Amino acid sequence: MKKNKIPLFKINEHVLFREQNLVVGQIPIFFVCIDDTNQRYLVIDLDFDTDKYLIAQVSNGIIFDMLSAKITMREAFSKAKQICYLFAGETMEEDEVCEVVYSEIDDEDLPDNDAYFSVSTYSELLEYMKSLCIYEVKLNKRKIYSISNLHLRSFIDVMDFMPIRGEIAEASHKNKPIDTFFIVTENNRNCDSENIYNIRRKTTRINCFTKEGVL
Amino acid sequence: MYDDLIDKFHDRLRIALKNKIFNLPTDIKVEYAPISAYRAVDVNDIAEGGFNPEAFYSQVELKYAHPNMRRFVDLDENDIENYSCSLYTDIDKLNNYMHLPRKSKAVIFGKIISEEGVTKENFQTTHVHWWLFQGVHEQIGDRFEVISYEKK
C-alpha cells in the first residue's frame with residue numbers, strides 16, 4: 001500500500017497520513033499512519049457511527065514487534081509515547097483530540113488481552129515489516145552502520161525477521177550499500193529499542209570494516 | 001474484454017469502468033462454483049431475519065452512503081479493489097478483526113455465487129474480492145448467517 005497523499009488527522013500540529021492498513025473489515029479498522037516527521041502511529045477506528053479513533057504514537061520497533069507477534073496488540077498501545085482519542089469532525093480542523101494516559105483508556109477501547117497480531121505469509125504486510133527493520137550497529141559505542149535485513153535468507157516464518165545467530169545481513173555505510181556480508185553472532189534481544197547487535201565479518205572475524213579497510 | 005459485464009455491476013463500479021478509471025482485472029472469475037466464505041460486518045447491518053444491504057457494500061459504496069464520514073476522505077477511488085465486497089475463505093484470517101475493539105462487530109458466513117458478481121481469489125491469503133452486480137445486495141443475505149456477534 002502506498003502512502004496516501006490525503007491527510008487524515010492532525011495531532012500536535014503534525015499531519016498524519018495513512019501508511020498501511022493492518023486489519024480491514026468492511027472498512028480499515030486498524031492501520032498505521034505516518035506524519036510529516038516520519039513518526040508512526042497505530043490507529044484503531046473504534047466505532048463506525050461516531051467516527052471515533054484511538055491513536056497511539058509508537059516507535060518502528062514497537063510496530064515491528066507487534067506484527068511479529070512478539071508483543072500483543074494491547075502491549076503495543078501500552079508502550080506508546082503518546083495516546084489520544086480523536087473524534088472526527090467534518091474537517092480535520094473540526095476534530096476533537098483528547099490526550100490520555102494509558103491507564104485512562106477504557107478497557108473496551110483496547111485490543112483483547114493476550115491477543116497477538118496474526119500476519120499472513122506472503123502478504124503485503126511482510127514487505128511493510130521489512131521496511132521497518134533498520135538496525136543500528138555500534139562499534140566501540142559509536143554508530144557505524146545501519147543494517148537492513150532485506151536479504152535475510154529466510155523470511156517465510158515471520159519470527160525469523162529478527163536477525164538471529166548465523167543469519168547473513170546486508171549492510172550499508174553512510175546509506176550506501178557495501179559489498180560485505182555479516183553474520184550475526186549475538187542476538188541481544190534484551191537490548192534497548194535500537195536493537196543493537198554484535199556482528200562479525202563473515203571471513204575474517206573482525207567486528208566491522210568498510211570498503212576502505214578495517215576500522 | 002468483459003465489455004458485456006460492465007452494465008451489470010453496481011452503480012459506482014459501473015460508472016468507474018465506463019469512465020475508464022480502471023479496467024477489470026484479467027484474472028477475474030466470471031463463472032465459478034459457489035465459494036463458501038466469511039465476512040466481517042458491523043452489527044448494525046444485521047436486521048431481524050436478514051441483513052441490511054450495506055453489510056455487503058464495498059468501501060466506495062459505503063462512502064457514498066455516508067458522505068459526511070471523515071474515515072473515507074482518503075479512500076482511493078482509482079483502485080478497483082475498493083469497489084469489491086471483501087471476504088475470506090479461511091475464518092482464521094478474521095482473528096485480528098475479532099480481537100480489536102469495536103462497539104459492534106460480527107462475522108457472517110455464506111456462499112458467493114457467480115450469478116451475483118465476479119470474483120478474484122488470493123489462494124495464499126484466502127482473500128476474495130467479490131465485485132457485485134446491481135441490485136443483488138438485498139438478496140445475498142439469504143445465503144449468509146451470523147456466526148459471531150458482539151455488541152457493547
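**Exercise 1. Cavities**

How many cavities of 30 Å³ or more does a search of the whole structure find? State also the volume of the largest cavity and name residues that line it.

*Solution.* The structure is a predicted model.
Step 1. The search of the whole structure gives four cavities of 30 Å³ or more.
Step 2. The largest cavity has a volume of about 50 Å³.
Step 3. Its lining includes A:G25, A:Q26, A:I27, A:I29 and A:F48. Among the lining residues there are also B:V41, B:D42, B:Y97 and B:R102.

**Exercise 2. The sheet of chain A**

Determine the strand order of the open sheet in chain A, and identify the strands at its edges.

*Solution.*
Step 1. The open sheet has seven strands in the order β1-β2-β3-β4-β5-β6-β7, and the pairing is antiparallel.
Step 2. The edges are formed by β1 (7-11) and β7 (96-100) of chain A; each has a single partner strand, so one side of each lacks a neighbour in the sheet.
Step 3. From one strand to the next, the twist averages 30°.
Step 4. In general, the strands of a sheet pair through backbone hydrogen bonds.

**Exercise 3. Strand β4(A) and its surroundings**

Describe the pairing of β4(A) with β3(A) and with β5(A). Is β4(A) mostly covered or uncovered?

*Solution.*
Step 1. β3(A) and β4(A) pair in the antiparallel sense over five bridges, and A:R40 in β4(A) is the bridge partner of A:I34. These two strands form a hairpin with four residues between them, where A:N38 in the turn has a positive phi of about 65°.
Step 2. With β5(A), the antiparallel pairing of β4(A) extends over seven bridges; A:V43 stands opposite A:I55 in β5(A). This pair of strands also forms a hairpin with four residues between them, and A:D51 in the turn has a positive phi of about 55°.
Step 3. β4(A) is mostly covered, since eight of its eight residues are buried.
Step 4. Helix α1 (residues 60-67) of chain A lies across β2, β3, β4 and β5 of chain A and runs at about 55° to β4(A).

**Exercise 4. A lysine in chain B**

Is B:K105 buried or exposed? Which backbone oxygens does its side chain reach?

*Solution.*
Step 1. B:K105 lies in strand β5 (residues 104-112) of chain B.
Step 2. A residue under 20% relative accessible area is termed buried. Because B:K105 has 0% relative accessibility, B:K105 counts as buried.
Step 3. The backbone oxygen of B:M98 is 2.7 Å from a polar atom of the B:K105 side chain. The side chain of B:K105 also reaches the backbone oxygen of B:L100, at 2.3 Å.

Definitions and conventions:
Residues numbered from 1 in each chain as written. Chains lettered and ligands numbered in written order. Predicted model: local features only at pLDDT ≥ 70, side-chain atom pairs only at ≥ 80, totals over all residues. Heavy atoms only, no water. Buried < 20%, exposed > 50% of the residue type's maximum accessible area, 1.4 Å probe, protein only. Polar contact = N/O pair within 3.5 Å; in protein donor to acceptor, adjacent residues only side chain to side chain. Pairing = 2+ DSSP bridges. Axes fitted to C-alpha atoms, helices over the stretch in contact; angles between N-to-C directions. Contact = heavy atoms within 4.5 Å. 1 Å grid on protein atoms, 1.4 Å probe; cavity = no way out; pocket = protein on both sides within 12 Å on 5 of 7 lines; lining within 4 Å. Points joined across faces, edges and corners; volume = space filled by probe spheres on them.
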